[in-house]
Amino acid sequence: MSRTKRPVLWITTAAVVVVAAVGLYLFQPWRLFTTHRVDEAAPVVGGQQGAAAALLASGSFISHEHSTSGSVQIQPLAGGKANLRLTNLRTSLDDAGG
């Protein structure tokens with residue numbers, strides 16, 4: 001490859017990288033795969049669905065780097081197992097610092 005074509009190749013490569021980075025930042029295509037709503041029934045605990053009286057632990061999410069809200073519960077299941085239940089979990093990468 002001649003020396004006159006090398007700068008053109010580097011400039012073209014840099015321009016493609018910059019355009020790709022700006023495009024990813026603006027359009028955020030990963031949100032097609034990461035923004036989900038899950039709506040499942042509570043597990044059956046001791047013959048009762050979602051028995052709130054039999055909680056091992058519960059708490060709420062705290063916002064740090066991104067705005068976050070919702071609650072979490074650890075519910076006992078048969079055989080010594082446990083179920084981690086997230087309720088109304090909302091978080092956003094758009095609200096940085098919020």
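How many helices and strands does the chain have? The chain has two helices and five strands, taking helices (H or I, at least four residues) and strands (E, at least two) as DSSP runs numbered from the N terminus. Their order along the sequence is α-α-β-β-β-β-β.

The model is predicted, so local features need pLDDT of at least 70 and side-chain atom pairs count only at pLDDT 80 or more, while totals for chains, interfaces and linings use all residues. Residues are numbered from 1 along each chain as its sequence is written, and side-chain values use heavy atoms, with hydrogens and water left out.

The pLDDT, the predictor's confidence in each residue from 0 to 100, averages 81 over the chain, and 80% of the residues score at least 70.

| Element | Residues | Mean pLDDT |
|---|---|---|
| Strand β2 (lowest) | residues 48–49 | pLDDT 57 |
| Strand β3 (highest) | residues 57–60 | pLDDT 94 |

Of the 98 residues, 7% count as buried, where buried means under 20% relative accessible area, exposed over 50% and partly exposed in between (1.4 Å probe, protein chains only).

Gln75 lies in strand β4, which covers residues 68–76. Gln75 is buried, at a relative accessible area of 3%. With neighbours within four places in sequence set aside, Gln75 is in contact (heavy atoms within 4.5 Å) with Pro43, Ala54, Leu55, Lys81, Ala82, Asn83 and Arg85. Across the chain, 35% of the contacts with a separation of 6 or more are between residues 24 or more positions apart.
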